[in-house]
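Q: Here is a model to go through. How do the terms used for it follow from the values?

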Amino acid sequence: MEQFPAVAIAHFLALLIPGVDFFLIVRTALTNGWRNATGACLGIAIANGVFITAAFAGIALISNPVLLDTIQVAGGVFLVFIGIAFLRSNPQIDADRGTGVKSRTWLRNFGLGVASGLLNPKNALFYVSLAAALSTAVPLSLVLYGTWMFAVVLVWDIFVAVVLGSRHALGYMQRIIPWISRFAGVFLVLFGSSMIVGLAVRFFG
């Protein structure tokens with residue numbers, strides 16, 4: 001467990017870097033409120049948990065190039081699809097939105113969170129690299145590492161959702177929500193397209 005501080009810091013710093021999951025949480029919290037956004041948070045955490053379990057259990061996802069390429073293509077298509085949806089939407093909120101949990105909205109956000117996490121090959125790469133650094137750790141330590149990472153992902157994502165999706169925040173964010181949605185849409189389209197183009201160049205180049 002002497003490696004724990006370094007691994008914990010590296011993992012948390014990676015969470016601080018805005019990525020696809022972050023933009024999904026921000027946009028969902030701003031448009032649906034933080035309670036409904038917890039669905040996306042839990043979905044993303046579960047997706048991370050799948051990669052954590054696979055990596056720490058020695059299932060080398062990254063060692064199978066066909067599987068990784070498939071994940072990359074599927075992830076790129078998914079990100080482009082979500083990005084276009086963001087660009088075409090006209091998000092509007094009112095002061096009462098997000099004060100309660102709507103089961104259908106929550107489940108939809110949960111599904112988006114799972115898909116966003118699983119279809120992002122960077123998640124697989126990150127956790128496999130961490131697993132490689134912990135190759136000498138005993139099984140019990142790996143269980144503790146994995147549990148900690150899952151909990152940190154979930155708590156951090158919910159924190160982001162609460163901060164940006166509270167009624168107080170909604171009042172201030174009303175005017176900039178459309179711009180955030182567009183920015184997130186452009187980011188997702190460009191990021192997803194770069195994944196597909198990068199794979200095509202590597203495959204046909």
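A: Buried means under 20% relative accessible area, exposed over 50%, and partly exposed in between (1.4 Å probe, protein chains only). This is a predicted model, in which local features need pLDDT of at least 70 and side-chain atom pairs count only at pLDDT 80 or more, while totals for chains, interfaces and linings use all residues. Residues are numbered from 1 along each chain as its sequence is written, and side-chain values use heavy atoms, with hydrogens and water left out.

Q: Why is alanine 40 called buried?
A: The relative accessible area of alanine 40 is 1%, and the limit for buried is under 20%, so alanine 40 is buried.

Q: What does alanine 40 touch, not counting residues up to four places away in sequence?
A: Alanine 40 touches Asn109, Phe110 and Gly113, where contact means heavy atoms within 4.5 Å.

Q: Where does alanine 40 lie?
A: Alanine 40 lies in helix H3, residues 34-56; a helix is a DSSP run of H or I, at least four residues, numbered from the N terminus.

Q: What makes H3 largely enclosed by the rest of the structure?
A: Of the 23 residues of H3, 17 are buried, so H3 is largely enclosed.

Note on methods: Helices (H or I, at least four residues) and strands (E, at least two) are DSSP runs, numbered from the N terminus.
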